[in-house]
Amino acid sequence: MTMLKKSIQYFIAFFLIVIIFSCAPKGPQQQKPGPVNVAVQKISATDAVYYDEYPASVVALNQVELRPQVNGYITAMHFKEGDRVKKGQKLYSIDQQQYQAAYQQSI
């Protein structure tokens, strides 16, 4: 036989062996999985509330910078931070000792 005929015979023999083994039973059959447990919950219609949070800084529309016209130590504040103040309202008290001493010397 020629080399080509032997190669074809080997190929056919190999092909038949592969077909025979692929059709053979594969051993014990695996059982199909049973039903899956499912949790069931009753639903009802309700209102959904959605909100978003964003980082921000709050700044007043009108701001005033306060500067003293005299020197001295502040002894009292006559308002709370964030309070509304009116024109002419007393805001701070300044230590009177320095001014009292200057007045006493001038007399």
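Which residues line the second largest pocket? Here are my notes, with that one answered in point 5.

1. Before you start: this is a predicted model, where local features need pLDDT of at least 70, side-chain atom pairs count only at pLDDT 80 or more, and totals for chains, interfaces and linings use all residues. Residues are numbered from 1 along each chain as its sequence is written, and side-chain values use heavy atoms, with hydrogens and water left out.

2. Let's take the rings. The structure holds two aromatic pairs. In one of them, F11 and F15 have ring centres 6.4 Å apart and planes at 20 degrees, so this pair is stacked. (Rings of Phe, Tyr and Trp, the last by its six-membered ring, pair if their centres lie within 6.5 Å; planes under 30 degrees apart are stacked, over 60 edge-to-face, and the rest tilted.) Both F11 and F15 sit in helix α1, residues 3-23, and they are four residues apart, about one turn of the helix. (Helices, H or I with at least four residues, and strands, E with at least two, are DSSP runs numbered from the N terminus.) F11 is exposed, at 56% relative accessible area, while F15 is partly exposed, at 48%. (Buried means under 20%, exposed over 50%, and partly exposed in between, using a 1.4 Å probe and protein chains only.)

3. Now the other pair. The rings of F79 and Y92 have centres 5.5 Å apart and planes at 85 degrees, so they are edge-to-face. F79 belongs to the loop between β1 (74-77) and β2 (92-94), and Y92 to strand β2, so the pair ties together parts that are 13 residues apart in sequence. Y92 is partly exposed, with 34% relative accessibility.

4. Stay in strand β2 for a moment, as S93 is there too. S93 counts as buried, at 15% relative accessibility. Its side chain makes a polar contact with the side chain of H78, at 2.6 Å. (That's a pair of N or O atoms within 3.5 Å; within protein, one must be able to donate a hydrogen and the other to accept it, and residues adjacent in sequence count only if both atoms are side-chain atoms.) If you skip neighbours within four places in sequence, S93 is in contact (heavy atoms within 4.5 Å) with Y73, I74, T75, A76 and H78.

5. Back to the opening question: the second largest pocket is lined by L66, R67, P68, Q69, V70, G72, I74, L91, Y92 and I94. (A pocket is an open set of points on a 1 Å grid over the protein atoms alone, where a 1.4 Å probe fits, with protein on both sides within 12 Å along at least five of seven lines; lining residues have an atom within 4 Å of a point.)

6. Finally, look at C23. C23 is in helix α1, and it's exposed, at 63% relative accessibility. C23 and Y10 are 13 residues apart in sequence and 20 Å apart in space, C-alpha to C-alpha.
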